[in-house]
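Notebook open. Today I want to look at how two chains meet.

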Amino acid sequence: MPQPLNYLKETASQTAGPYVHIGLIPAMAGFDIFEKNFSNVLVTPNTQGERITLEGKVIDGSGTPLRDVLLEIWQANAAGRYNHPADRSTGALDEEFRGWGRAGSDFESGLVTFETIKPGAIIDKTGRKGAPHINVWIVARGINIGLNTRLYFSDEEAANAADPVLNLIEQPVRRSTLIARRSERAGKIVYSFTINLQGPEETVFFDV
Amino acid sequence: MHAQALASRDPRLNRPEPFTPPLGDGGFFQRDRSMHPPAHAPGYKSSVLRSPRQALLSLENSVSEITGPVFGHNDLGPLDNDLIRNYAKDGDPVGERIIVHGRVLDETGRGVPNTLVEFWQANAGGRYRHKKDTYLAPIDPNFGGCGRALTDDTGYYYFRTVKPGPYPWRNYVNSWRPAHIHFSVFGSGFAQRLITQMYFEGDPLIPVWRILTTIPDQDALERLVAPLDLNASAPFDSLACRFDIVLRGQRSTYFENRTAGN
């Protein structure tokens with residue numbers, strides 16, 4: 001027998017369950033406990049960048065919106081820089097932007113919203129340019145392991161067409177499942193998205 | 001390093017060069033999905049309509065995956081890791097007092113420092129403080145059921161709580177969840193993000209728990225069961241159990257001699 005490598009194994013994922021709000025968004029569970037809470041608002045008044053609302057639903061295989069789903073988003077700032085030491089790109093850091101937020105869907109409508117900024121284009125470690133995007137992680141009752149996907153922006157057609165990740169998707173028709181649609185409502189910029197867990201328009205999910 | 005890349009850097013390929021280990025790309029080790037329950041696990045009925053049916057698209061880790069949110073002590077309050085006191089109104093919550101402690105590690109065995117760990121659970125009677133929970137066991141006025149902690153420089157975390165009770169759920173008519181605590185862990189990169197559950201050694205409901213038994217690997221299943229840790233108990237106060245959590249390992253990065261992600 002050769003020497004053992006002795007790597008540990010990743011802990012098994014388990015569903016977040018129907019009561020995920022207690023731990024991660026206690027106000028939605030119906031009580032107030034922490035002095036400081038995480039939320040779906042990623043911006044402060046001093047954050048740099050174009051203010052946007054991200055708004056959408058997660059749909060199950062019967063066409064019904066999930067009303068107990070939790071989404072987290074992780075994104076670069078307006079200069080395309082992630083607020084993390086492993087991002088070695090040269091865009092300026094924005095101390096007023098962590099780049100992360102979480103939101104639970106509305107218990108009636110299933111609507112999920114985030115208040116954030118539109119990220120800049122990403123410069124990868126190879127110097128490769130990627131289209132602006134937001135990374136999304138989805139957990140809920142019935143989801144055994146968190147689902148990873150991305151949201152791109154409908155007004156970035158040229159950048160999207162050149163994006164190395166979008167181009168990994170073999171069927172062009174499936175690329176559109178990752179595009180959030182821009183519109184303007186009462187003076188606010190809104191990007192709308194639909195994440196389909198199943199069906200002919202199933203969203204592209206990544207094994208990251 | 002590929003020969004082609006060497007050639008572009010140094011045309012005098014026939015000149016001997018000292019070998020240096022290749023720099024990794026900082027990507028995480030490929031996730032071994034046989035360690036996880038499958039998305040579509042019909043024994044857990046809720047998964048049927050909520051599981052993607054297309055193949056996942058494998059994504060070579062880019063800066064979007066190897067980075068992730070950074071948290072600090074400013075994000076937390078002083079009682080956040082004390083579930084016995086963080087919602088107490090007029091006394092301590094009812095139940096067996098326990099300490100839960102352990103380390104967050106990666107697959108190389110290194111501790112994951114300064115990472116956020118969040119936990120939530122039912123009270124001693126098996127009831128959640130959640131407006132959607134209608135189980136007949138009573139709410140405990142002194143128990144919220146959630147907390148959070150940052151790991152220290154070695155990846156260690158701990159918190160104090162009462163042991164949760166089992167409770168029924170609608171999978172089959174007579175389905176019961178073993179006592180468990182939910183955990184949410186971040187790691188240094190968003191690709192390490194994980195939610196899991198800790199179970200208690202010796203619980204007879206574990207072998208019949210349909211969500212847990214969808215894990216195909218028996219060892220992976222057993223690693224979710226926290227043993228009693230008598231040495232870590234507080235005499236005449238609290239029993240303790242130990243729960244280590246392993247996140248994906250990371251190939252070495254630009255930060256050669258430093259812990260991954262820092």
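First, a term I need: a salt bridge is a side-chain nitrogen of Lys or Arg within 4 Å of a carboxyl oxygen of Asp or Glu. I looked one up, and found Arg102(A) and Glu118(B) joined this way through their side chains, at 2.8 Å from N to O. Between chain A and chain B I count 8 salt bridges.

A note on what I'm looking at: this is a predicted model, where local features need pLDDT of at least 70 and side-chain atom pairs count only at pLDDT 80 or more, while totals for chains, interfaces and linings use all residues. Residues are numbered from 1 along each chain as its sequence is written, chains are lettered from A in the order in which they are written, and side-chain values use heavy atoms, with hydrogens and water left out.

Next I checked contacts (heavy atoms within 4.5 Å). On chain A, 75 residues are in contact with 94 residues of chain B.

Then I looked up buried area, the accessible area (1.4 Å probe) that two parts lose on being put together, summed over both. For chain A and chain B the figure is about 7,800 Å², and carbon and sulfur atoms give 59% of that. I see that Glu10(A), Gln14(A) and Asp207(A) supply 11% of the area chain A buries against chain B, more than any other three residues.

Last, strands: these are DSSP runs of at least two residues (E), numbered from the N terminus, and two of them pair if DSSP finds at least two bridges between them. E11(A) runs parallel to E1 of chain B (residues 57-58), with 2 bridges joining them. I noted that Phe206(A) has Leu57(B) as its bridge partner in E1(B).

Notes: Helix = DSSP H or I, 4+ residues; strand = E, 2+ residues; numbered from the N terminus.
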